[in-house]
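Hi,

Here is the structure I promised to pass on.

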Amino acid sequence: MYYIPAKTIISNYTKDNPWFGVNYNMNIYKGCCHGCIYCDSRSECYCINDFNKVRAKENAIEIIHKELKGKRRTGVIGTGAMSDPYNPFEKDLMLTRKALDEINTFNFGAAIATKSNLITRDIDILKKIKKHSPVIAKMTITTFEDDLCKKIEPNVCVSSERFEAINKLSSNGVFTGILLMPILPFINDNEENIIDIVKKAYECGAKFVFAYKMGVTLRQNQRDYYYEQLQKLFPYRKLVPKYKNTFGNRYEYASTNSKKLTFIFKNECEKLGVLYKMNDIILSYQNQYKREQISWF
Ligand code: SF4
């Protein structure tokens, strides 16, 4: 493992964050080796050279300990925005696990986004945090098909294993759901995919499926990388010219089926009682704690 120096790890407080109600952000690792072909964190604007190489922040747990101890307000700490906190090195290093321990000690909540079933290793700590603060686990699943998953997200467990992880988290009482994003035009933007994911989510006890927009964002070198991978993975489908003809140099690439897919998605979620609106998700995993705080005062 390569280590890089860090002065701070936990961001400043944000109130009423519309993104899952997260108050602080934490990235223990820089870079990610899961290899998702569409990864936005690869974009030049984030200045992460050699993105596929994972680096850990030096003395991360000491820094986190000090920062949490000094915070005047508790809140939900989010992780998984710029790199996956459960990369393969985490299995031995256990930095995310140790950080969750600190989060528990100082009475903060946790919001974890990942594609790895390694998160289930930490169910014991998530259950401890849940006793005093909100916890939400967000598993990204973009395709129901394991074969397609192996192509577009090659270095992390496949979708069926992620569904198993959701089942395990949910049956242990952890508020868990799916980030159904991105939707890649001409690749996973079909009705069956959306319906199968929502249905399986429901069967596995997921409380929500969140799909931001039925599309993907692409910019700068990230777009170049994505196009190279499309060419390599789907050589006979002529996807690159199709993308260029349909979207030009746009930043947001919405599926040409996006309206229909959104309709089907909402319909399926409503039919099964799976949450899909951000406000409902936030209320559902945080409200109990807010009520407890009010009644305590
Ligand atoms: S898991 Fe997330 S951070 Fe890692 S490569 Fe995939 S999209 Fe990027």
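Arg97 forms a salt bridge with Asp124, with 2.8 Å between the closest N and O atoms; the term means a side-chain nitrogen of Lys or Arg within 4 Å of a carboxyl oxygen of Asp or Glu. Arg97 sits in helix H3 (residues 95–105) and Asp124 in helix H4, so this pair ties together parts 27 residues apart in sequence. (Helices, H or I runs of at least four residues, and strands, E runs of at least two, come from DSSP and are numbered from the N terminus.) Asp124 is partly exposed at 35% relative accessibility, where buried means under 20% relative accessible area, exposed over 50% and partly exposed in between, using a 1.4 Å probe and protein chains only.

Before you go further: this is a predicted model, where local features need pLDDT of at least 70 and side-chain atom pairs count only at pLDDT 80 or more, while totals for chains, interfaces and linings use all residues. Residues are numbered from 1 along each chain as its sequence is written, and side-chain values use heavy atoms, leaving out hydrogens and water.

The whole structure has 10 salt bridges. Another one joins Arg121 and Glu90, at 2.6 Å from N to O. That pair links distant parts of the chain, 31 residues apart: Arg121 is in the loop between strand E6 (109–114) and helix H4 (123–130), and Glu90 is in helix H2 (residues 90–93). Arg121 is partly exposed at 24%, whereas Glu90 is buried at 0%.

Then there's Lys271 with Glu268, at 3.3 Å from N to O. These two are 3 residues apart in helix H10 (residues 258–272), so about one helical turn separates them. Lys271 is exposed at 59%, but Glu268 is buried at 5%.

Which helix does H10 come within 10 Å of, axis to axis? It's H7 (residues 191–203), and the axes cross at roughly 20°; they are lines fitted to C-alpha atoms over the stretch in contact, with angles from 0 to 180 degrees between N-to-C directions. H7 and H10 are therefore roughly parallel, a label for angles under 35 degrees. The contact has 9 nonpolar residues, no polar and 4 charged; Ala, Val, Leu, Ile, Met, Phe, Trp, Tyr, Cys and Pro count as nonpolar, Asp, Glu, Lys and Arg as charged, and the others, Gly among them, as polar.

Cheers

Notes: Parallel < 35°, antiparallel > 145°, perpendicular 65-115°, else oblique.
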